[in-house]
Amino acid sequence: MWNYTDKVMDHFRNPRNVGRIADPDGVGTVGSLACGDALTLMFKLDAAGRIRDAKFQTFGCASAIASSSALTEMILGKTVAEAGKITNKEIADYLGGLPDQKMHCSVMGREALEAAIHNYRTGETQMKNLDDRIVCTCFGVSENEIRRVARENSLATVEEVTNFCKAGGGCGMCRNEIKKIVDSVAAERVQQRQPPAEAPRKLTNLQKIKLIEEIIDREIRPALRRDHGDVDLVDISGDTVTIAFRGMCAGCQASGATRHGFIEAKLRECVSPGITVVEEGRE
Ligand code: FES
């Protein structure tokens, strides 16, 4: 039994705005019955361009029904531009939170709203992105969708991505690919962070070694262990840090991206921008 908030249970038992609008201005459908969740959202504008009516029909679990119901309440009275800024996190927050494994329901709500707004603006029933590629064929989830949920929700592991958009939750063939995407999004986050205002400290060799060990223990190892991997510090010579992957990371095809995009980026951020990370026996 999931641990649902009172508000989720209220929206599940007494869903608001269920049904269809006879002549909607925007309609969006996402998900599929084959994947277990599907949602159609529609809205009608008033003369001032504000959403005066919103209705939904959904097939899914209590969280999917509650998220859809909450979303219709959230968009009523808003302009299309205002509604378009609603994030999946805001839908979950409106409900007092969702279980981690059910966050994909809030993402489905946000996607349905975007599809309905796209339909209103273009008349098209499908949002096409010809440059996008499907990463998870089991659930039809594309690279851009994975990047977006990872960016917007600060996701760090494959399991978290599965919770938010289902990708990786079927046969598992796409999990290495998802890991690469998550690592590259993590590297983006590191690059985007502002450099510290004060001049970087000049570390002694001993301070640098201790700081590297501390960052590996505190920041890097826990993230890898969430995906059943691990890393050992083998040697430090000048700015070159030699590591060895353990567990699921050892032999993983994505280990190069993890080493460069996550471990090296983290050590450069926290210790010294000149650090290079190499893998024992590889370089
Ligand atoms: S291809 Fe992603 S779980 Fe099967």
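This is a predicted model: local features need pLDDT of at least 70, side-chain atom pairs count only at pLDDT 80 or more; totals for chains, interfaces and linings use all residues.
On the helix 7 side the contact is made by Val158, Glu159, Val161 and Thr162. Helix 8 contributes Arg175, Ile178, Lys179 and Val182.

Now the chain as a whole. There are 283 residues, and buried ones make up 46% of them. The secondary structure comes to 10 helices and eight strands. Along the principal axes, the C-alpha atoms fill a box of roughly 70 × 45 × 40 Å. If you take the contacts with a separation of 6 or more, 58% of them are between residues 24 or more positions apart.

Next, helix 1, which covers residues 6-13. Which of its residues are buried? They are Val8, Met9 and His11. These residues sit on the same side of helix 1, because they cover an arc of only 165° around the axis. The face turned away from that buried side carries the exposed residues Asp6 and Arg13. As for what covers the buried residues of helix 1, the list includes helix 2 and helix 4, the latter being residues 88-94.

Helix 2, residues 62-75, is also where we find Thr72. Thr72 has a relative accessible area of 0%, so this residue is buried. What does Thr72 touch, leaving aside neighbours within four places in sequence? The contacts are Arg16, Asn17, Leu41, Ala54, Lys55 and Phe56. One distance for Thr72: Gly109 is 37 residues away in sequence, and the C-alpha to C-alpha separation is 9.4 Å.

The second residue to look at is Asp37, in strand 2, residues 37-45. Is Asp37 buried or exposed? Its relative accessible area is 7%, and the cut-off for buried is under 20%, so Asp37 counts as buried. The Asp37 side chain makes a polar contact with the side chain of Lys166, at 2.9 Å. Beyond its neighbours within four places in sequence, Asp37 is in contact with a list of residues that includes Val30, Gly31, Ser32, Phe59, His104 and Met108. Also among them are Gly60, Cys61 and Ala64.

Three strands form an open sheet in the order 6-7-8, with mixed pairing. Strand 6, residues 229-237, and strand 8, residues 276-279, are the edge strands, each pairing on one side only. From one strand to the next, the twist averages 35°. Strand 7, residues 240-247, runs parallel to strand 8, and four bridges join the two. As an example from this pairing, Thr242 has Val278 in strand 8 as its bridge partner.

Two helices go with these strands. Helix 10, residues 255-270, packs on the sheet and touches strand 6, strand 7 and strand 8. The direction of helix 10 makes about 145° with that of strand 8. Helix 9, residues 205-226, lies across strand 6 and strand 7, and runs at about 160° to strand 6.

That is the end of the tour.

Key. Residues are numbered from 1 along each chain as its sequence is written. Side-chain values use heavy atoms; hydrogens and water are left out. Buried means under 20% relative accessible area, exposed over 50%, partly exposed in between (1.4 Å probe, protein chains only). Contact means heavy atoms within 4.5 Å. Two strands pair if DSSP finds at least two bridges between them. Axes are lines fitted to C-alpha atoms, for helices over the stretch in contact, and angles run from 0 to 180 degrees between N-to-C directions. A polar contact is a pair of N or O atoms within 3.5 Å; within protein, one must be able to donate a hydrogen and the other to accept it, and residues adjacent in sequence count only if both atoms are side-chain atoms. The arc is that of the directions from the helix axis to the C-beta atoms.
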